[in-house]
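Please report on the fold of this chain, its helix packing and the surroundings of its ligand. Keep it brief.

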Amino acid sequence: MKLKLKIWRQRNASDEGAMVDYDIDGVSPDMSFLEMLDTLNEKLILDGEDPVAFDHDCREGICGSCGVVINGDAHGPEQTTACQLHMRAFSDGEEIVIEPWRAAPFPVIKDLVVNRGAFDRIIGAGGYITAPTGSAPEGNSTRIPKPDADAAFANATCIGCGACVAACPNGSASLFVSAKVTHLNLLPQGQPERTSRVMNMVEQMDAEGFGGCTNTGMCTVSCPKEIPFMSITNLNKEYRRAVRETTKARAVQAKANPS
Ligand code: SF4
Ligand code: FES
């Protein structure tokens with residue numbers, strides 16, 4: 001395949017950046033999108049040019065690092081990660097526009113690489129459990145209703161890629177946060193932090209500058225792990241519950257210590 005690429009090039013965080021055109025030949029339809037970028041980079045290096053910086057690690061759709069916007073869609077035309085997208089999804093001679101995630105809380109570091117540290121800080125605010133995990137326990141020692149186990153597992157598949165933010169017109173991180181909250185708040189191991197988790201994660205999400213959810217649904221359509229939109233409904237339910245619990249606890253404390 002021969003392709004015309006238009007790629008966002010930006011030397012560093014303070015550079016203005018611009019789209020740059022590249023022609024590429026000899027692309028196999030069986031290459032992954034990242035292998036196509038590797039091929040371009042080999043040519044750029046041989047020509048003495050700066051290769052295109054892009055993020056990647058597992059190349060198996062599980063680490064969440066390879067996010068790019070392809071022809072206006074987060075991760076491209078299929079509901080998968082860029083590393084699992086194959087060039088057969090495109091036509092010979094096609095023009096492909098490649099950009100980094102566009103969201104203020106994900107500033108560009110270089111070319112297609114953005115800083116997703118905002119997600120790490122949201123996880124640090126509550127995306128964990130404090131119950132000692134030890135070695136793998138016997139499967140039936142903690143009983144969990146099947147619907148809860150299934151829903152927790154479905155939400156645990158979130159890989160923190162950020163496509164939901166990139167696809168959302170508001171730059172909202174609600175789907176990501178809802179996946180983490182739903183996963184952990186459904187399980188017995190997640191109960192000690194159930195209230196503080198949702199309060200702190202939502203507070204951190206707002207502090208990072210992510211937008212609010214207005215139910216456009218673009219997040220779930222772009223999510224490579226098909227995190228359901230209902231998870232955001234659950235996040236809102238968990239948040240309302242946490243506010244009620246926190247208000248009640250404060251009232252009890254005020255009664256006990258009137259001064
Ligand atoms: S919810 Fe989906 S799109 Fe958003 S970070 Fe998780 S896996 Fe990526
Ligand atoms: S490189 Fe890990 S998900 Fe794509």
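## Ligand shell, helix pair, sheet and domains

The shell around ligand 1 holds 11 nonpolar residues, two polar ones and one charged one. This is a predicted model. In total, 14 residues surround the ligand. The closest are Cys158, Cys161, Ala163, Cys164 and Cys223. Two elements give two or more residues each to this shell: helix H4, spanning 163-167, and helix H5, spanning 174-186. H5 gives the most, with three residues.

H5 also has a helix partner. It packs against helix H6, residues 194-207, at an angle of about 170°. The two axes lie 10 Å apart. Angles over 145 degrees count as roughly antiparallel, so H5 is roughly antiparallel to H6. On the H5 side, the contact is made by Val177, Lys180, Val181, Leu184 and Asn185. H6 brings Arg194, Arg197, Val198, Met201, Val202 and Met205. By class, the residues of this contact divide into seven nonpolar, one polar and three charged.

Next, the sheet. Five strands form an open sheet with mixed pairing. Their order is E2-E1-E5-E3-E4. The edge strands are E2, residues 18-24, and E4, residues 73-74. Each of these edge strands pairs on one side only. The table lists the strand pairs.

| Strand pair | Sense | Bridges |
|---|---|---|
| E1 and E2 | antiparallel | seven bridges |
| E1 and E5 | parallel | four bridges |
| E3 and E5 | antiparallel | two bridges |
| E3 and E4 | antiparallel | two bridges |

Strand E1 covers residues 3-9, and its partner E5 covers residues 95-99.

Leu3 has Ile24 of E2 as its bridge partner. Lys6 stands opposite Val97 in E5. Ile7 stands opposite Ile98 in E5. Which residue of E5 does Ile70 stand opposite? That residue is Ile98.

Finally, the domains. The chain is divided into domain 1, residues 3-110, and domain 2, residues 116-256. How far apart are the two domain centres, taken over C-alpha atoms? They are separated by 30 Å. The contact between the domains takes 18 residues from domain 1 and 17 residues from domain 2. On the side of domain 1 that touches domain 2, the residues divide into nine nonpolar, seven polar and two charged.

Note on methods. Residues are numbered from 1 along each chain as its sequence is written. Chains are lettered from A and ligands numbered from 1 in the order in which they are written. This is a predicted model: local features need pLDDT of at least 70, side-chain atom pairs count only at pLDDT 80 or more; totals for chains, interfaces and linings use all residues. A residue is near a molecule or strand if its C-beta atom, placed from the backbone, lies within 6 Å of it. Ala, Val, Leu, Ile, Met, Phe, Trp, Tyr, Cys and Pro count as nonpolar, Asp, Glu, Lys and Arg as charged, and the others, Gly among them, as polar. Two strands pair if DSSP finds at least two bridges between them. Axes are lines fitted to C-alpha atoms, for helices over the stretch in contact, and angles run from 0 to 180 degrees between N-to-C directions. Angles under 35 degrees count as roughly parallel, over 145 as roughly antiparallel, 65 to 115 as roughly perpendicular and the rest as oblique. Two residues are in contact if their C-beta atoms, placed from the backbone, lie within 7 Å. Domain bounds come from an automatic or database domain assignment.
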